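Me: I want to go through some helix packing terms. Take me from each value to its label.

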Amino acid sequence: MGASAWGLLALFLTVLVAAAWPLGRALAAVCRGDLPRWMRRFEAPVYRLCGIDPGESMPWHRYALGLLAFNGLGALLLYGLQRAQAVLPLNPMGLGAVAGDSAFNTAVSFVANTNWQGYAGESTMSYLTQMLGLTVQNFLSAATGIAVAFALARGFASRGQSAAGQPKEAGRVGNFWADITRITLWVLLPLSFAIALVLAGQGVIQNFSASATSDLLETVHYEAPKLDAAGQPVLDASGAPVLQPQQSATQTLAMGPVASQEAIKMLGTNGGGFFNANSAHPYENPTALSNLVQMLAIFLIPAALCFAFGRVVGDQRQGVAVLAAMALMFVVAVVVLTGAEQAGNPLLAPLGADQAASALQSGGNMEGKEVRFGIDASALFAVVTTAASCGAVNLMHDSLTPLGGMVPLVLMQLGEVVFGGVGSGLYGMLVFAILAVFIAGLMIGRTPEYLGKKIEVHEMKLTSIAILVTPLLVLVGTAVAVSTTAGTAGVANPGAHGFSEILYALTSAANNNGSAFAGLSANTPFYNALLALAMWLGRFGVIVPVLAIAGALAAKQKLPATAGTLPTHGPLFVLLLVATVLLVGLLNYVPSLALGPVVEHLMLWKQP
């Protein structure tokens with residue numbers, strides 16, 4: 001990495017920590033319910049209308065049932081909205097109903113905070129669907145993840161049983177309805193409004209206009225298939241389409257309410273783009289400043305939740321230790337990806353291609369990247385969006401070098417815990433922390449404890465389930481895809497890279513990221529169904545055992561620290577936590593990585 005890359009990374013981390021620290025204080029207040037009186041009065045009509053007592057703390061299973069019912073209903077409503085958009089207002093382009101399999105995939109995707117898109121947003125979704133359906137679910141899915149993190153933090157902070165041994169809020173982890181209301185009202189909405197204003201000031205569009213037509217600087221000549229009266233391509237004797245000369249002097253420019261969706265897309269680590277080109281589109285990400293703001297928005301809440309966690313459990317060092325583990329893995333990933341892209345493609349060197357950086361060119365592997373961002377900002381964005389479960393992209397991940405492309409893949413396979421999604425990153429990392437103290441306890445022959453809570457058989461069973469759900473979905477799903485005709489039909493690049501594309505798609509879906517290598521044609525009934533299943537189980541198959549862990553911890557009495565207690569706030573624990581994440585999180589995927597990006601990298605260096 002050069003000086004400019006290091007400078008950009010240092011600037012990013014400095015601003016991130018400076019913004020996350022005060023936000024962590026606010027998140028901790030929301031988690032504890034320490035809200036000003038005027039906020040409580042503002043909320044009260046909502047609770048009365050819904051028949052909710054915000055002061056009632058739920059057992060974990062009621063919390064989980066409410067969460068599942070709420071998100072299931074959201075998926076049904078979003079599916080119906082897509083299917084009916086042709087007869088609904090705010091559809092100036094007259095777009096028809098979304099196909100059933102695509103609508104199903106999209107509904108699951110946005111509810112699961114994945115935002116996988118097998119369609120081009122500007123030519124598929126009406127403005128009403130984008131706003132009332134996709135943007136609303138961006139808020140609610142993000143709030144769901146934060147609510148689960150709050151529940152787990154309360155489980156650690158709970159005192160469990162009273163001195164007399166009688167349950168004292170035993171096993172209760174909070175009120176889901178109050179959590180999701182407060183997170184949406186007092187965290188996501190104000191921050192999204194502020195970020196949307198900044199993005200609009202940078203040139204991100206926000207309107208309800210139909211597509212605009214602009215004159216080109218010069219006439220463009222090209223060939224297009226000749227169509228018959230039915231609108232079908234005319235074929236010659238060999239079966240190939242007959243081409244005829246065409247010319248164009250105009251360009252159609254898509255419009256729409258972009259800034260409002262872009263803000264929560266990033267802040268909620270959602271990732272769904274208004275346009276097919278996502279954050280590489282100049283209407284979504286027009287400037288270097290908007291690019292930095294979007295990256296900061298992705299990490300802002302995940303980083304702030306670490307500080308909030310420390311405050312909730314009564315020891316800010318605990319949150320700092322978790323944040324340090326995340327930051328250490330993040331910096332290593334940035335260094336590896338940036339270095340791989342700056343090195344360029346070794347196959348081009350013998351052809352005489354100059355890939356060195358100079359005053360006249362960016363150098364390195366610039367395929368699939370925006371020249372206005374260059375390798376440094378593009379590589380940083382790629383790591384940020386896959387370290388968090390965001391999935392927004394400002395470059396084509398399919399065009400990364402094999403080692404460069406393996407970095408986003410590995411970051412997702414670690415379980416999206418390197419900052420991770422809003423809420424999901426923290427509770428995923430805390431699951432690994434439970435495993436880390438269990439391993440340490442085995443080494444010294446002592447019952448493991450974390451934050452004063454004994455980690456016993458029940459918690460370890462739930463931890464194992466939470467960790468193994470996503471690898472099972474990824475590996476089984478990839479095996480099904482590569483062994484069936486429907487799965488391989490969409491592969492444009494057979495061989496190691498084609499395998500990487502399928503592996504990436506299943507990894508992205510099961511870990512609720514949403515980005516893609518994009519060389520895979522995944523908008524088919526087979527992939528829409530397979531990936532939807534992976535997204536739903538990857539989201540809620542982890543959330544339910546995490547909530548069960550929260551309930552089990554909340555019922556346990558908090559033990560005082562002794563001379564034999566493992567400190568979980570120092571450098572030694574940070575390294576233990578990182579080692580646990582790398583060893584357990586990645587070990588499942590080593591054979592699949594060897595078949596994909598590793599083989600592809602070795603093929604670049606083979607002798608002719």
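Reply: Start with the angle: it runs from 0 to 180 degrees between N-to-C directions, and the axes are lines fitted to C-alpha atoms. The model here is predicted. In it, helix α13 (residues 424-444) and helix α14 (residues 457-482) pack at about 130°, with axes 10 Å apart.

Me: What makes α3 roughly antiparallel to α6?
Reply: Helix α3 (residues 60-84) and helix α6 (residues 127-157) pack at about 170°. The cut-off is 145 degrees, and the angle is over it, so the pair is roughly antiparallel. Their axes are 10 Å apart.

Me: How does the contact of α3 with α6 divide by class?
Reply: Into 12 nonpolar, 7 polar and 1 charged. Gly counts as polar; G74 of α3 and G133 of α6 are among the contact residues. Arg counts as charged, and R154 of α6 takes part.

Me: How do you know that α13 is mostly covered?
Reply: Buried means under 20% relative accessible area. In α13, 16 of its 21 residues are buried.

Me: What follows α13?
Reply: G445, with a positive phi near 70°.

Conventions: Residues are numbered from 1 along each chain as its sequence is written. This is a predicted model: local features need pLDDT of at least 70, side-chain atom pairs count only at pLDDT 80 or more; totals for chains, interfaces and linings use all residues. Side-chain values use heavy atoms; hydrogens and water are left out. Helices (H or I, at least four residues) and strands (E, at least two) are DSSP runs, numbered from the N terminus. The expected span of a helix is 1.5 Å times one less than its number of residues. Buried means under 20% relative accessible area, exposed over 50%, partly exposed in between (1.4 Å probe, protein chains only). Angles under 35 degrees count as roughly parallel, over 145 as roughly antiparallel, 65 to 115 as roughly perpendicular and the rest as oblique. Contact means heavy atoms within 4.5 Å.
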